[in-house]
Amino acid sequence: MDKTNWKPGRQETVVEALKNEFNELFERFWSGQMEPMQLGRWAPAIDVSETADAVQVHVEIPGIEPSQVEISIEGDVLTIRGQKPELPRDTNRKFLRVERRYGTFMRSIRLPVAVAADQAAASAHNGVLEISLPRYEDAKARKVNISLEK
């Protein structure tokens with residue numbers, strides 16, 4: 001039996017910590033920042049970066065034909081859908097471990113800036129899908145000069 005000294009103040013701290021963890025979990029879920037594995041389904045990893053002119057998205061899609069991937073942009077949300085086909089199982093062997101994930105996937109991410117969806121471009125190389133989303137001219141950063149009054 002584990003003997004622990006009970007401290008009234010500590011119990012509140014543990015409860016508060018759990019409350020904070022749940023709040024963070026719900027916030028990440030509803031904001032679309034939840035990791036795909038935490039949602040109980042498979043989805044490729046995504047990196048999002050930006051430059052002064054565009055938002056760049058890199059998606060790991062090894063084993064998936066680019067023609068099997070659909071990219072759509074609605075408002076400020078980029079959605080990537082596809083399917084990674086399961087390899088046929090050989091009935092003559094017994095699998096001891098199966099870690100690779102298969103099946104359909106969908107990733108939706110909120111874009112950090114307004115983009116020109118009609119000018120988006122995508123390419124795939126070595127199992128990585130690269131999506132380039134040019135910024136709208138209005139969304140590009142501009143330097144504003146301050147005039148001095150005399």
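Buried means under 20% relative accessible area, exposed over 50%, and partly exposed in between (1.4 Å probe, protein chains only). This is a predicted model, where local features need pLDDT of at least 70, side-chain atom pairs count only at pLDDT 80 or more, and totals for chains, interfaces and linings use all residues. Residues are numbered from 1 along each chain as its sequence is written, and side-chain values use heavy atoms, leaving out hydrogens and water.

A search of the whole structure finds three salt bridges, each a side-chain nitrogen of Lys or Arg within 4 Å of a carboxyl oxygen of Asp or Glu:

| Salt bridge | N to O distance |
|---|---|
| Glu50 and Arg135 | 2.2 Å |
| Asp76 and Arg110 | 3.1 Å |
| Arg97 and Glu99 | 2.7 Å |

Glu50 is partly exposed at 44% relative accessible area, while Arg135 is buried at 11%.

Contact means heavy atoms within 4.5 Å. Leaving aside residues up to four places away in sequence, Val57 touches several residues, among them Ile46, Val48, Leu78, Ile109 and Leu133. In soluble globular proteins, nonpolar side chains tend to be buried together.
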